[in-house]
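Visitor: Please take me through this structure one feature at a time.

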Amino acid sequence: MIKLVIDGKPVEAEEGANLVEAAGENGVYIPTLCYLKGEPCIGTCRVCSVRVNGNVTAACSVTVDDGMEVDVDEPEVADMRRALVEALFAEGNHNCPSCEKSGRCELQAVGYETGMVVSRFPYRYPPRDRDVGARHLWLERDRCIFCQRCVEHIRDRTSGHKIFSINGRGSRARIEIDVELADQMPPEQVREAMDICPVGCILEKRVGFDVPMGQRKFEVQTHRERATEGTSNE
Ligand code: SF4
Ligand code: SF4
């Protein structure tokens, strides 16, 4: 075990632990969107930004070190995280009451946890066509936050090829799906793709609202509780 200080409080963590996990085990919540527990950091969203030894950095990319000083709740860095979440809302079209993922959406949950009320940035309402070409999945592209979880973690099980990719840059970027490979996905991988998407962009056909409102994961346990106490309802 090594010793570090988080928000002025001395804590212990396992040597080599990821800072997001080490903080969570000590009851300190660091919001995340692209990060997946136990997987290498992708580092695309920066929503887990904290101050480490005085420098702002993405916590998911940090391995804890003896004597490390971490600020999570400091107002400036907390507002920086909130601004990043607000930018994600402004860069897409997010109408939560009509979204299949509401209540189990990580962006929505992190919005609540960071105290966001409305975006400080102008809403851009990007026109991104939905893609319904695959047999079992469709893409509501205007909800994509370009976290790249699907790109990195959902691959064809025979060839290892990527099934999802991001095409274009900046305001022209959009998520793409290889329909031929997608149509060969077994049912459990189709579900995995929907679940790995933190927002309501990758959706499974023919199973709308399979978990009733009021019983969804962030309705029975907050994102903060799940990060610091473990999950109770997958
Ligand atoms: S993806 Fe999440 S934030 Fe966006 S509309 Fe759906 S529930 Fe709301
Ligand atoms: S489709 Fe979902 S998982 Fe894939 S990049 Fe967009 S938000 Fe991330």
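Guide: We can begin with a strand pairing: β3 and strand β5 (residues 69–71) pair in the antiparallel sense over two bridges. Strands are DSSP runs of E with at least two residues, numbered from the N terminus, and two of them pair if DSSP finds at least two bridges between them. This is a predicted model, where local features need pLDDT of at least 70, side-chain atom pairs count only at pLDDT 80 or more, and totals for chains, interfaces and linings use all residues. Residues are numbered from 1 along each chain as its sequence is written, and chains are lettered from A and ligands numbered from 1 in the order in which they are written.

Visitor: Which residue stands opposite Val70 in β5?

Guide: Val52 does.

Visitor: How many bridges join strand β3 to strand β4?

Guide: Four bridges join β3 (residues 49–52) to β4 (residues 55–58), and the two run antiparallel. Arg51 faces Val56 of β4 across this pairing. Two residues lie between the strands of the hairpin, where Asn53 takes a positive phi near 50 degrees.

Visitor: How is the protein divided into domains?

Guide: Domain bounds come from an automatic or database domain assignment. Here domain 1 covers 2–73 and domain 2 covers 87–209. Their C-alpha centres lie 26 Å apart. Ten residues from domain 1 and 13 residues from domain 2 make the contact, which requires C-beta atoms, placed from the backbone, within 7 Å.

Visitor: Which residues are around ligand 1?

Guide: Among them are His94, Cys96, Cys99, Cys105 and Arg143, a residue being near if its C-beta atom, placed from the backbone, lies within 6 Å.

Terms used: Two residues are in contact if their C-beta atoms, placed from the backbone, lie within 7 Å.
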